[in-house]
Amino acid sequence: MAQILIVDDDHQLRMSFERLLAAEGYDVRAASSGEAGIDAVREAMPDVVVMDVRMPGISGLEAYAAMREIEPRLPVIIMTAYGTTDMAIEATKMGAYDYILKPFDIPETLRLIDKAVAAARSMRARVAVGEEDAATAAADAIIGKSPAMQELYKAIGRAAPTDATVLVRGESGTGKELVARAVYQHSNRADKPFLVINCVAIPETLLESELFGYEKGAFTGASGRKVGKIEQANHGTVFLDEIGDMPLPIQAKILRLLQEQNVERLGGRQVIPVDVRIIAATNRDLEEAVRRGQFREDLYYRLKVVTLSMPPLRERPGDIALLVRYFLSRFAKDMGQVDPGVSPAALEFLTAQPWPGNVRELGNTVKKALIFNLGAPLGLDEVRKALGQPLRNEAGSQAEAGEALSRLIRRELASGRESLFEDLMDRFGQQVIREALDATGGNRTQAARLLGLSRPTLLAKIEKYGLRIESRVRPADS
C-alpha cells in the first residue's frame, strides 16, 4: 500500500485528504508543519508528499529543500492558493513533482497523486538484470540466459555509467521500460530524478507543454507559468517512451535539447539551460519512418548513440521456462500462495506459443492461470483457458478443477488451523476482487457492480486485503 504524507497546518484539510486518499486505498500520514513533515520523511520515507506552501514556521519551499537533501527522488506535490503560485513554481523548478491549486479539483488531484506514486515506483524499484535464479528474482527483473540477452546485459553495463543518449528498441511487451530503468539505476544519476513521458498516452496538444512547460498567456487557458518535465528533471534522466510516435514539431525541440542542452517554455523567450540524460524507446521501424518523412533523420542519428535491442520472445524460446517460473514465484507471493509449479505438458505448450505480446502476454497468461488453479500445479488445460484456446475436454477439465479444489480443502482441513473457514473465504475473496479490479482497469465502481457489492463494501475489502490500486490493481510492493 503506497504511503502518502500530507503536510499542512489546516486540520480540516488534512482530515479531508486522509478520508479521500484512504478511500482510494492509500496509507495516509499527516504533519501540521514543515518541520514535522521533514521529521516524518526522516522517520519513514513516504512514497509521495503533498505539502502546502504557507505554514507557520518554515515555508513549504524550505521544507521541500530539506526533504530533497534527505531523498532527491521523493515526489513532492505542492499545494498553493492562487496568490502564492510563484513559490510553487519555484519549488517545481527545484525539482518538485508538480503543484495543485486550491480549491482542488478532486479527480485531477487523485490522477496527479496516482502519477506521482507511479513515478516513485519507477525511481525506487530496483530492476534485477540477468538473475541466475528466476524463482528468487526481484519484483522487477530482466530474465533470460539466451545469447541475445547476455549481449544485452553487457551493453547495459557499458552504457549505464556514461551520459550517452540511449535508444531502446523492441516490440511491444518485450520490457523496454525495464531496460531504461536498469540503465538509469546503474548510472551516475541514479540518485537524481527519473521521469517517464509516454509520447502516445499524452495527447499531442498537451505533450509539448508537458515536456517544456509554458508561460502565462502562451495559449487559451494558460493562466500562469508551468515548469516542464525536462526542466524539472534537471541533473536527472528523462525516459521518452514510444518516441517513434512523437509529432514532428516536438521532435525538432527534442533535437535542440540534445544538441544544445537547453529548452524554451511555450510562449517564452528565455533560454533555460538543463542537464538531463535522455533515454528513448520505440517499437516502430525508425528507418522506415525516416524514409516516409514521419521521423527526423537528424534526431534519429542523435538518439542512436547507443542502441539496446530487446529480442522478441519467439526468438529466445529457451528463456520461456525461466520466465514462467519467475512469474509463478512472483504472482504466488503477491497472492499469499505457495508457488504451485507447472506441469511439463503446460510448460511445453507455453514454450511452443508465438507470443505476439511477448513477455507481457506471457506474464498475463501465467497470472490468469494461477488465479484459478486452486493450489495445484498449472496444467495444460489451465494455460489453454488463460490463452482463450479451446480445452481438450471441457467436462474433464471441470472435474479436474473440482478435484483440485477438494484436495486443497482437505489439505487445509488437515492443518488444524483456527478460523480456517474465514481464512479460506478471505483467500478466495481476495483473488476474486483482484480479478474484478483487473478486468475493470482498477475502476472501483465498475468492479463493485460486477461483484454485486456496494462500493463502500468493496473499498473496505480492498483495505482489508491490502490491495494497492493504480491504473490497474496490483499488490503492495514497490
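Colleague: In which handedness of crossing does H1 pass H5?

Modeller: This is a predicted model, in which local features need pLDDT of at least 70 and side-chain atom pairs count only at pLDDT 80 or more, while totals for chains, interfaces and linings use all residues. Residues are numbered from 1 along each chain as its sequence is written, and side-chain values use heavy atoms, with hydrogens and water left out.

H1 passes H5 in a right-handed crossing (the near helix is turned clockwise from the far one by less than a right angle). Helices here are DSSP runs of H or I with at least four residues, numbered from the N terminus; H1 covers residues 11-23 and H5 covers residues 106-124. The two pack at an angle of about 65°, their axes lying 12 Å apart, where an axis is a line fitted to C-alpha atoms over the stretch in contact, and angles run from 0 to 180 degrees between N-to-C directions. H1 and H5 are therefore roughly perpendicular to each other, a term that covers 65 to 115 degrees.

On the H1 side, Phe 17, Leu 20 and Leu 21 meet Ile 106, Thr 109, Leu 110 and Ile 113 of H5, contact meaning heavy atoms within 4.5 Å. The residues of this contact divide into 6 nonpolar, 1 polar and no charged (Ala, Val, Leu, Ile, Met, Phe, Trp, Tyr, Cys and Pro count as nonpolar, Asp, Glu, Lys and Arg as charged, and the others, Gly among them, as polar).

Technical notes:
Parallel < 35°, antiparallel > 145°, perpendicular 65-115°, else oblique.
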